[in-house]
Amino acid sequence: MREKTAFRRVSGGFAALLSVIFLAPFCYVLLSSFWSQGKVSFLPYYDVLWGQSQYMLRFWRSLGISLCVGLGQLLVSVLAGFGFAKCRFPGRNAIFFGLMILMVLPVQVTLVPNYIMLGQLGLLDSYPALILPLIFAPLGAFILRQSFASIPDSIIDAAMLDGCGIPRTLLWIAMPMNVSGLVCAFLLSFLDAWNMVEQPIAYLRNFERYPLSVALAYVPPTNMAIHLVCCILVVLPCLFLFAFFNQELVEGITLAEVK
């Protein structure tokens, strides 16, 4: 009993230490964002939120791009994940193995092929150049394949016997039973698009089209307070999504690991 109590204290102290280490940079940014010209001031927040429209314009632009990527990848991933999990077709395992190989490739490997294809399609220096490649990213399909596979085959077979085709089975049975997986796939794709850096630099020529994640690096160093407020602005959507959907995120990842 004493050993368990000692272990809990040590693990709790270690977790508290890690929390302090991880939260210290964010707390520093948050407190420093209220410090301007040697005094506490809300002027940087006013400049970013109302005074200088380019910052909020980039914020809403980044949010729109990320939502398009999240919804588009969710649609593609639902179809691909259900197909890999519950449909039988030749070469299914081989194709899924190739998908897993693509998933572990770093984004820098695919920049040049995507650049060539986007150039041939005439989409360079446009927002579809950022959205389309991420819609077909393999991570969402992998997660949903694993979570759809956790649904018993007997339920799918019963729906088929009752006259449901594959579209109705997917829409009315499989998806409602896999809400955690759907939310997890959407959140991860949204965050991937929200934090992208290499793709805008490679695919966009016009600086005015850059999302906030890239344009943040071009804020003049003399405006450090504004820079810090923009950092807070970048973090807010991530904090909001995690605060409201942390349970679904954890359950979706857990389902993906079980299989």
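Aromatic contacts in the predicted model

Q: Over which ring does the charged end of Arg-209 sit?
A: The charged end of Arg-209 sits over the ring of Tyr-127, and the distance to the ring centre is 5.6 Å.

Q: Turning to ring pairs, how many aromatic pairs does the structure hold?
A: There are 13 aromatic pairs in the structure.

Q: Why is the pair of Phe-59 and Trp-194 edge-to-face?
A: Their ring planes stand at 80°, and over 60 degrees counts as edge-to-face. The ring centres of Phe-59 and Trp-194 are 5.7 Å apart.

Q: Which helices hold Phe-59 and Trp-194?
A: Phe-59 belongs to helix H3 (residues 53-86) and Trp-194 to helix H10 (residues 179-194), so this pair ties together parts 135 residues apart in sequence.

Q: Are Phe-59 and Trp-194 buried or exposed?
A: Both Phe-59 and Trp-194 are buried. For Trp-194 the relative accessible area is 2%.

Q: And how are the rings of Phe-190 and Trp-194 arranged?
A: The planes of Phe-190 and Trp-194 are at 10°, so the pair is stacked, with ring centres 6.1 Å apart.

Q: Where do Phe-190 and Trp-194 lie?
A: Both are in helix H10, four residues apart, which is about one turn of the helix.

Q: Why does Phe-190 count as buried?
A: Its relative accessibility is 3%, and the cut-off for buried is under 20%.

Q: Which residues form the aromatic cluster with Trp-194?
A: Phe-59, Trp-60, Phe-186 and Phe-190 form one aromatic cluster together with Trp-194.

Methods:
Residues numbered from 1 in each chain as written. Predicted model: local features only at pLDDT ≥ 70, side-chain atom pairs only at ≥ 80, totals over all residues. Heavy atoms only, no water. Phe/Tyr/Trp six-rings, centres within 6.5 Å; stacked < 30°, edge-to-face > 60°. Helix = DSSP H or I, 4+ residues; strand = E, 2+ residues; numbered from the N terminus. Buried < 20%, exposed > 50% of the residue type's maximum accessible area, 1.4 Å probe, protein only. Lys NZ or Arg CZ within 6 Å of the ring centre and 35° of its normal.
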